[in-house]
Amino acid sequence: MEEKVAKRHDAELFLRDEGSADGPVVLFLNSLGTDLGLWDEVVARLPDDLRVIRFDMRGHGRSSVPEPPYTMGALIVDAEAVLDACGVEQAVLVGLSLGGMVAQGLAAKRLDLVRGLVLSNTAVKMGHPDLWQERIAAVEAHGMVGVADGVLDRWFAPGFAGRDAWRDRLLDASSKGYIGGCTAIARADMISPTSGLRLPTLGIAGSEDAASPPDLVKETVDLIPGARFEIMRGVGHLPCVEDPETYAALLTGFLREIGHL
Ligand SMILES: O=C(O)CCC(=O)CC(=O)O
């Protein structure tokens with residue numbers, strides 16, 4: 001396993017490159033308020049012959065935290081820089097929520113780099129800009145604790161045993177980085193780029209996801225001809241955390257289906 005940084009002019013992106021050095025590559029992209037640890041339990045369940053690359057989105061985890069606002073364009077170039085730093089010519093992208101928006105954008109910009117897409121709990125557009133402005137105001141006024149309970153209610157179905165541990169992780173997240181992520185989502189509308197995509201795609205939704213409900217995820221993946229769509233039952237916005245077994249099985253099945261394993 002190698003840990004290093006990909007350098008941009010305004011940020012350093014912390015990344016982890018593990019698995020089989022010569023294997024087919026999967027790049028994971030995290031959601032708002034999380035980091036590359038979002039994928040720990042899924043990665044542990046993937047076949048050994050994959051090369052798995054994950055990174056902390058700017059403003060999150062161990063990556064630098066530039067001043068907000070962040071743009072979707074910058075986040076897309078960050079992901080491109082991570083693949084470049086690892087010398088990767090083609091990868092399957094697995095993006096959740098904000099990470100899924102970045103994955104859509106990277107596929108639209110650099111289709112040559114992308115063998116397939118897993119769009120998880122994401123959409124072409126998420127929430128009205130006013131909603132994001134309210135969330136930013138709450139974080140500015142109170143820090144992460146100002147939004148934590150609402151976020152956790154959307155992240156997990158009622159009764160999820162790991163909720164308290166994830167609450168601690170969310171409270172440790174950088175307020176400035178979280179605000180940066182909110183600004184990127186608020187301004188983004190991926191409908192034009194994503195409508196033009198033609199590549200193998202799997203959509204994953206959580207039946208209890210209040211942030212990106214199944215209908216919204218389906219509407220997005222249906223823009224891509226031939227895309228497959230799966231609903232995971234009894235889980236919310238972070239199904240890779242609540243049910244990593246099913247998530248890893250769906251991902252592995254997709255990789256086999258498209259000949260990436
Ligand atoms: O999770 C994301 O990347 C964006 C959607 C979101 O903010 C989830 C939530 O906290 O409601």
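Is Ala6 buried or exposed, and at what relative accessibility? In this predicted model, Ala6 counts as buried because its relative accessibility is 1%, under the 20% limit. Its place is in strand β1, which covers residues 2-7. Computed along the sequence, Ala6 and Ala108 are 102 residues apart, and their C-alpha atoms are separated by 21 Å in space.

## Aromatic rings

A pair of aromatic rings is described by the distance of the centres and the angle of the planes. The whole structure contains 6 aromatic pairs. One of them joins Trp155 and Phe156 in an edge-to-face arrangement, with 5.9 Å centre to centre and 75° between the planes. Trp155 is buried, since its relative accessibility is 4%, and Phe156 is buried likewise, at 3%. Phe156 also pairs edge-to-face with Trp166, at 6.4 Å centre to centre and with 65° between the planes. This second pair links distant parts of the chain: Phe156 belongs to the loop between α5 (148-155) and α6 (163-172), while Trp166 sits in helix α6, 10 residues apart. Trp166 is buried too, with a relative accessible area of 10%. Through ring pairs, Trp155, Phe156, Phe160 and Trp166 are linked into a cluster.

Arginine side chains are also placed over aromatic rings. Arg169 lies over the face of Trp166, at 3.9 Å from the ring centre. Arg58 lies over the face of Tyr70, at 5.9 Å from the ring centre.

## Pockets

Rolling a probe the size of a water molecule over the atoms shows where empty space is left.

| Largest pocket | about 270 Å³ | 17 residues | 11 nonpolar, 4 polar, 2 charged |

In the largest pocket, the lining residues closest to the centre are Trp132, Arg135, Arg154, Ala211 and His237. Helices α4 (129-142), α5 and α7 (175-187) each supply at least two residues of this lining.

## Helix α11

How far apart should the ends of helix α11 (residues 244-257) be? The helix has 14 residues, and at 1.5 Å a residue it should span 20 Å; the end C-alpha atoms are 20 Å apart, which agrees. An α-helix has 3.6 residues a turn, so residues three or four places apart point the same way. The buried residues of α11 are Pro244, Tyr247, Ala248, Leu250, Leu251, Thr252, Phe254 and Leu255. After α11 comes Gly259, whose phi is positive, near 75°.

## Backbone exceptions

Most residues other than glycine have a negative phi, and most peptide bonds are trans. Ser97 is found in the loop between β5 (91-96) and α3 (98-109), and it is buried, with a relative accessible area of 5%. Asn121 is not a glycine either, and has a positive phi of about 45°. Asn121 lies in the loop between β6 (114-120) and α4, and it counts as buried at 0% relative accessibility.

The peptide bond from Pro68 to Pro69 is cis, with omega near 0°. Pro69 lies in the loop between β4 (51-55) and α2 (72-85).

## A partly exposed loop residue

Leu223 is found in the loop between α9 (214-221) and β8 (228-232). With a relative accessible area of 25%, Leu223 is partly exposed. Leu223 and Gln133 are 90 residues apart along the chain, and 28 Å separates their C-alpha atoms.

Methods
Residues numbered from 1 in each chain as written. Predicted model: local features only at pLDDT ≥ 70, side-chain atom pairs only at ≥ 80, totals over all residues. Heavy atoms only, no water. Phe/Tyr/Trp six-rings, centres within 6.5 Å; stacked < 30°, edge-to-face > 60°. Buried < 20%, exposed > 50% of the residue type's maximum accessible area, 1.4 Å probe, protein only. Helix = DSSP H or I, 4+ residues; strand = E, 2+ residues; numbered from the N terminus. Lys NZ or Arg CZ within 6 Å of the ring centre and 35° of its normal. Expected span 1.5 Å × (residues − 1). 1 Å grid on protein atoms, 1.4 Å probe; cavity = no way out; pocket = protein on both sides within 12 Å on 5 of 7 lines; lining within 4 Å. Points joined across faces, edges and corners; volume = space filled by probe spheres on them. Nonpolar A, V, L, I, M, F, W, Y, C, P; charged D, E, K, R; others polar.
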